[in-house]
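Reader: Before we turn to the sheet, I would like to learn how to read charged pairs and their surroundings. Could you take me through them one by one?

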Amino acid sequence: MEKTKKKILVIDIGGSNIKILATGAAERIKIPSGADFKPEELVELVKENASHWDYDMITMGFPGVVKENRIVSEPVNLGEGWNKFDFQAAFNLPIKFINDAAMQALGSYEGKKLLFLGLGTGLGTAMVIHNTILPIEGGHLPFKKKTFEEYVGKEYLTKSGTKRWEKNVLKMVEHFRAAFQPDDILLGGGNSKLLTTIPEGCRLGTNENAFKGGFKFWEEDFKL
């Protein structure tokens, strides 16, 4: 008997945009978010924009701490109310929650020990080690006088320029390499394309890998 193909909607939540893609869809859809964006808006806009797609389960990549399939912290770059909102009831579908960096790491995984560093609105960090997903809130670790995220995020890039931003990114990569000893480092997120130097042992990813991770999360056996 042929196995029924899962029909999955992947929601990749970011501080600047929400990106969605369903199984079999030709192109993703991008929805603006922002600092005041709330979960009620997400549900309304996703339902509206995905109304022409057929899906019966959801993977939600969230920019914050996820434990035991629930959101446990408020996002830094969005509005309030995320950790208390009932998404399962709002969508009336089964949902798997995963940290957004972990979802992109999963979609980029090629084996052994992968370290993912996502250069977007903030800094997303995660590892995949032999089919176990390990989210890391590395962006909030101390660096210089602030945190890594404050020196490699979008705000610093806009304020200080690409040259100073890239210098911090290269330093950040070496700090994380020394701490986690990965076999493979993937530099992802929308701003990774601005890098003029790719450090040894690193490769560039694309945001499309987040969708691959979202589909994999239902289709394959990965542990969180």
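Reader: Is E110 buried or exposed?

Author: The terms rest on relative accessible area, where buried means under 20%, exposed over 50% and partly exposed in between, with a 1.4 Å probe and protein chains only. E110 has a relative accessibility of 65%, and therefore counts as exposed. Please keep in mind that this is a predicted model, in which local features need pLDDT of at least 70 and side-chain atom pairs count only at pLDDT 80 or more, while totals for chains, interfaces and linings use all residues. Residues are numbered from 1 along each chain as its sequence is written, and side-chain values use heavy atoms, with hydrogens and water left out.

Reader: With which residue does E110 form a salt bridge?

Author: In general, side chains of opposite charge can pair when their charged atoms come close. The criterion used here is a side-chain nitrogen of Lys or Arg within 4 Å of a carboxyl oxygen of Asp or Glu. E110 meets this criterion with R203, their closest N and O atoms being 3.6 Å apart. Helices (H or I, at least four residues) and strands (E, at least two) are DSSP runs, numbered from the N terminus.

Reader: Which residues are linked with E110 in a network of salt bridges?

Author: The network consists of E110, D184 and R203. D184 forms a salt bridge with R203 in which the closest N and O atoms are 2.8 Å apart. Because D184 lies in strand β13 (residues 184-188) and R203 in strand β14, this pair ties together parts that are 19 residues apart in sequence. D184 counts as buried at 14% relative accessibility, while R203, at 22%, counts as partly exposed.

Reader: What is the strand order of the open sheet?

Author: Strands of a sheet pair through backbone hydrogen bonds, either parallel or antiparallel. Two strands are taken as paired if DSSP finds at least two bridges between them. Here the open sheet of five strands has the order β3-β2-β1-β4-β7, with mixed pairing. β3 (29-32) and β7 (95-99) stand at the edges, each with a single partner strand, so one side of each is left without a neighbour in the sheet.

Reader: How do β1 and its partners run, parallel or antiparallel?

Author: Five bridges join β1 to β4 (residues 57-62) in parallel, with I8 opposite M57. Five bridges also join β1 to β2 (residues 17-22), but these strands run antiparallel, and D12 has K19 as its bridge partner. Three residues separate β1 and β2, which form a hairpin.

Reader: Which way do the side chains of β1 point?

Author: In a regular strand the side chains alternate between the two faces of the sheet. In β1, I8, V10 and D12 point one way and L9, I11 and I13 the other way, and all are buried.
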